[in-house]
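Here is a short note to read beside the model. Please keep the 3D view open as you go through the points.

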Amino acid sequence: DIPVHHMLGPQQCQVLPLFHAITRCDLVSAMFGIGKKTAWNAWTAYPEVTNTLIATTQDPNSLTLDSVHMRHLERWTVLMYSKNCNAQLVNDARKFMFSHSLKSLDSIQPTKNALFQHIKRALLAAAFIWKQSLSKTPEIPNPGEWGWDWNTRTKEWVPYLADLSDV
C-alpha cells in the first residue's frame with residue numbers, strides 16, 4: 001500500500017516529464033546543487049507552480065521572461081535554494097543571500113536570465129521532443145530558439161546560459 005500523501009494527482013502526472021527535464025535529464029543539466037528530492041519538496045511547498053508547468057507544457061511559447069509563468073518558476077526556484085527565503089524573484093533572492101553572507105555566489109540560484117534559458121531547454125525536451133516521441137513526423141523547433149547555441153568550432157549544440165555577463 002502506498003500512503004495517500006505519496007500518490008500523485010492527474011495534474012502532477014501530466015507535468016512529470018517537464019519536472020524531470022528541469023531537475024536534470026539526459027538532455028538538460030541540473031541546477032547547481034539541486035536534486036530531484038529538493039525540487040520535489042519545493043514543489044510540495046509551492047503547489048501553485050503546477051498550473052505553470054501545465055500551461056508551459058501545453059503552450060511553450062507562453063513562457064516569456066516577463067510572464068506570470070516565469071514569476072512562478074522563479075518563486076519555485078527560490079524555494080529550491082532556500083525554503084525559508086521570502087523573496088519572490090531569483091535575482092532578489094541572490095542579492096539577499098549574497099549580501100547577508102548566507103551563501104557564496106557560486107552556490108546560490110541562477111540569475112533570472114540563466115533560469116529562463118534552463119527552463120527553455122527543459123521545455124524543448126518535454127514539450128516538443130518527448131511529447132511527440134510517437135509521432136511519425138514530429139515538429140521539433142530549432143534548438144537555437146530554446147536555450148541552445150550552435151558551437152561552430154566543435155560542431156555541436158551547447159547550452160546557452162544567459163543574456164547577461166557574469167558578475
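1. First, a caution. This is a predicted model. Read each point with that in mind.

2. Start with helix 3, residues 36-45. Which of its residues are buried? They are Ala39, Ala42 and Trp43. Seen down the axis of helix 3, these buried residues fall within an arc of 105 degrees, so they line one face of the helix. An α-helix has 3.6 residues a turn, so residues three or four places apart point the same way.

3. On its other side, Lys37, Thr44 and Ala45 are exposed.

4. What does the buried side of helix 3 pack against? Its buried residues pack against helix 1 (10-14), helix 2 (16-22), helix 4 (49-58) and helix 5 (68-81).

5. Next, find Lys120 in helix 7, which spans residues 112-130. Is Lys120 buried or exposed? Its relative accessibility is 14%, and the cut-off for buried is under 20%, so Lys120 counts as buried. Leaving aside residues up to four places away in sequence, Lys120 touches Leu63, Glu145, Trp146 and Gly147.

6. Move on to the strands. Strand 1 (residues 148-151) pairs with strand 2 (residues 156-159). The pairing is antiparallel and runs over 4 bridges. Take Asp149 as an example: its bridge partner in strand 2 is Val158.

7. Last, look at the turn of this hairpin. There are 4 residues between strand 1 and strand 2. In this hairpin, Lys155 takes a positive phi near 60 degrees.

Technical notes
Residues numbered from 1 in each chain as written. Predicted model: local features only at pLDDT ≥ 70, side-chain atom pairs only at ≥ 80, totals over all residues. Heavy atoms only, no water. Pairing = 2+ DSSP bridges. Helix = DSSP H or I, 4+ residues; strand = E, 2+ residues; numbered from the N terminus. Buried < 20%, exposed > 50% of the residue type's maximum accessible area, 1.4 Å probe, protein only. Contact = heavy atoms within 4.5 Å. Arc of directions from axis to C-beta.
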